[in-house]
2 protein chains.
Amino acid sequence: MNDQILTLLEEKNYHQLKILLSQMNEADIASILVDAPEDALPLLYRILPKELASDVFVNMDSDTQEILIKAFSDKELREVLDELYVDDAVDIIEEMPATVVKRILQHTDPEVRKSINEILKYPEDSAGSLMTIEFVDLKKYMTVDDAFTRIRRTGVDKETIYVCYVTDENRKLLGLVTVKDLLLSDKSKKMFEIMETNVIYVSTLEDKEIVADKFQKYDLMAIPVVDNEHRLVGIVTFDDAMDVLQEENTEDIEKMAAITPTDKPYLKMGVFETWKKRFPWLLLLMVSATFTGKIIQNFESALQAQIVLTSFIPMLMDTGGNCGGQASVTIIRGLSLGDIDYRDVFKVIWKEFRVAFLCGITLAIASFLKLMYIDHVDILVALTVCVTMIITIICAKFVGSTLPILAKRIGFDPAVMASPFITTIVDAISLVLYFEVAGLILKI
Amino acid sequence: MNDQILTLLEEKNYHQLKILLSQMNEADIASILVDAPEDALPLLYRILPKELASDVFVNMDSDTQEILIKAFSDKELREVLDELYVDDAVDIIEEMPATVVKRILQHTDPEVRKSINEILKYPEDSAGSLMTIEFVDLKKYMTVDDAFTRIRRTGVDKETIYVCYVTDENRKLLGLVTVKDLLLSDKSKKMFEIMETNVIYVSTLEDKEIVADKFQKYDLMAIPVVDNEHRLVGIVTFDDAMDVLQEENTEDIEKMAAITPTDKPYLKMGVFETWKKRFPWLLLLMVSATFTGKIIQNFESALQAQIVLTSFIPMLMDTGGNCGGQASVTIIRGLSLGDIDYRDVFKVIWKEFRVAFLCGITLAIASFLKLMYIDHVDILVALTVCVTMIITIICAKFVGSTLPILAKRIGFDPAVMASPFITTIVDAISLVLYFEVAGLILKI
């Protein structure tokens, strides 16, 4: 598709190009424009039919938006800004350099500018920073007919019209009415008669993770955002909640791999920036791993007596790390989905103990057979390795499953307690166990 | 909240209980019922106002649903089934034992039973298995007024009325009209005049991951599902897409931790089942790790000459594993979000090389200082460790970033190429490097 567009662009066949683009979806056009050569970008954008242009603009990444804004005339900029929802405008502004922000705000309608500035004041990652102020509000004595009149009159600029909110004279949230309710109700019914008063809402300062969780739990299409006085100040719609859900998942995954989370796509991040997100964790883990080295040093004489023991260290450490990692990641995910909570800690420990026992026994048997019949090592050495393995696995599953729960309990992020940290801890445990068991069985 | 309900239940104060429950949200009531003692469950459920009961039922987990179905009279069962959307009924049936399924199907309306059986035929995880057949379909010559009449007449049972689909006499999908379009259009306009014909759709056999991706990309409220002849057979709504998104994320996270994915919550899974999901990977990784042991055996004489080298093995292996894990997880996530694709492989390699170089140098300097001034080891040993570290990190980042892309390219799941596998590979690489560097610097 992109080739076809490039060809048309080279042939300067703008008429055909316009026809082709206007048949496409805005998100697809945005992907094409993002990949287009930078100098062709303003031209391609200007070809778009007016009613598509601003939708395409919203779907592009911030770098491309910045190039376009810089190429826009004041009139063009104003045309785009007029079509944006306030929450989208805020998202764009948050990514732009100061000079561009200044120019954007200069060309925004004063009313909207005020709203943008309001939203910009909310802390990053709060419900307030995520919301839009373009919702339909109704009054409690309006009839169904009045409501439809209001929706018809104001609805075109609203992010959603399907959930309308009933507020009192002080903008306090009283209830909600869906368009489905309106369509299926008698035309003379009043809002207070048909509205749902048991409304799920969030407050402006609540974390966006909680917003996404509520969408997930209650299958909402939109959620109202209220201030301290329970006044309705905005709404968050499901498409934004879905984006938050994905961002939160990415963050969790990055934390589990010992990376400081970021919301920038990988290829957009500088090398130095990537290094800054990864290095501190590597350093911390490296320093922790030196303790494992100390343990080996303490048992150097044992190793010198039985150098063959050294060759099983990686296998024991890796298996321990993998077992711990499996447990920790399962528990972290369960905590984040709400399947597990602190009160389940003993259930979790008991379950992991039995799973660990099964894993330990089966892996030890497999190891033992291999050590005896393939590697032909001494039976006492094989026993040392296998007994260590069973105990290591039990310890690893214990550590892996309890640390995330503990972390959550004391207010830390459980996602950090994933494989890298668990591995470092389990490494030390497995080595101490190894040498202790070797001492007992091999008498060294 | 739960305590209050338990107290009321013990006091047999059903009147108060009913008032309390009817003020609550269905998802919250469902969580309470799931935690309730099994013998109180049918009683609590029967207290619920009729119009709430089936919504609560849908929100419960399948174990609780099974208990309730078994306690239901035929009449009660029919009442619940009548209120269910077909996709929810299918979800429930898929989790029930055969006897319960049989009883459910016996008490389902024949028309609905036919639809359920149709949907059950689609492969698990396909768009067809996910869809509901309860959508509003319109014809192209209907006016806006006709459309509203149809929505008012049939809308109460539809999962969404906000997106309506225009089909021809053979049920082929022609376009879509939103209720917003309808409300903002002239009443005499015909559907073909106002409908959007550039419709994003999926086919019945497409994977549910693709369904979720399209929701995410195009910010959809619902997506139509068509068969081979482009006939509209159902729709998937955003709330189901959000659930799919979470399931896919959980699957990816589990694969990254070397666990066979499952859609059962952790606490609902048996010990043996959990073992089965974890053991094969542990075994595979353990066997792979024995190669690392072989490498150590080959260099036993070198180790015996300089036993101090042994104590740095865990740190080198862990650091390599962590570096590789960081790279692989970042790339896997980028691939799954569509930020990275196969064509970016050289960009990725070049970027990871520079990041690795920075990480390597900085970690090596930190290590060198520690080894010299805290551990007081020989300068040549310190050099051996630090040079190995730099090369290991570069290799680890290379392996970690390329393997997921390669896996995806040859049609494998990139998520499997995460920390556990990368660690196993990097362990072997780091040890070979270590002994080679030691041979060069320490002449052993």
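Predicted model: local features only at pLDDT ≥ 70, side-chain atom pairs only at ≥ 80, totals over all residues.
**Stop 1: chain A as a whole**

Of the 444 residues in chain A, 43% are buried. If you then look at which parts of the sequence meet, counting contacts in chain A between residues at least 6 apart in sequence, you will find that 68% of them join residues at least 24 apart.

**Stop 2: where chain B touches chain A**

Now show both chains, giving each its own colour, and look at the place where they meet: 89 residues of chain B are in contact with 89 residues of chain A. Which helix of chain B gives the largest share of the side that touches chain A? Select residues 271–298 of chain B, and you have helix α17, which supplies 15 residues to that side. If you colour the side of chain B that touches chain A by residue type, it divides into 46 nonpolar, 27 polar and 16 charged residues.

**Stop 3: a sheet in chain B**

Stay with chain B and select its three strands that form an open sheet, which lie in the order β1-β2-β3 and have mixed pairing. At the edges are β1 (137–138) and β3 (173–178) of chain B, each of which pairs on one side only. Next select β2 of chain B, residues 163–167, and follow how this strand pairs with β3(B) in the antiparallel sense, over five bridges. To see one pair of partners, pick B:Val163, whose bridge partner in β3(B) is B:Thr178.

**Stop 4: two packed helices in chain B**

Finally, select residues 208–218 of chain B for helix α15 and residues 238–256 for helix α16, which pack at an angle of about 115 degrees with their axes 9 Å apart. The crossing of α15(B) past α16(B) is left-handed. Show side chains where the helices touch: among the contact residues are B:Val211, B:Ala212 and B:Phe215 of α15(B), together with B:Phe238, B:Val244 and B:Leu245 of α16(B). The residues of this contact of α15(B) with α16(B) divide into seven nonpolar, one polar and three charged, and B:Lys208 and B:Glu209 of α15(B) and B:Glu248 of α16(B) also take part in the contact.

How values were computed:
Residues numbered from 1 in each chain as written. Chains lettered and ligands numbered in written order. Pairing = 2+ DSSP bridges. Helix = DSSP H or I, 4+ residues; strand = E, 2+ residues; numbered from the N terminus. Contact = placed C-beta atoms within 7 Å. Nonpolar A, V, L, I, M, F, W, Y, C, P; charged D, E, K, R; others polar. Buried ≥ 20, exposed ≤ 12 C-beta atoms within 10 Å, placed from the backbone. Axes fitted to C-alpha atoms, helices over the stretch in contact; angles between N-to-C directions. Left-handed = near helix turned anticlockwise from the far one by under 90°.
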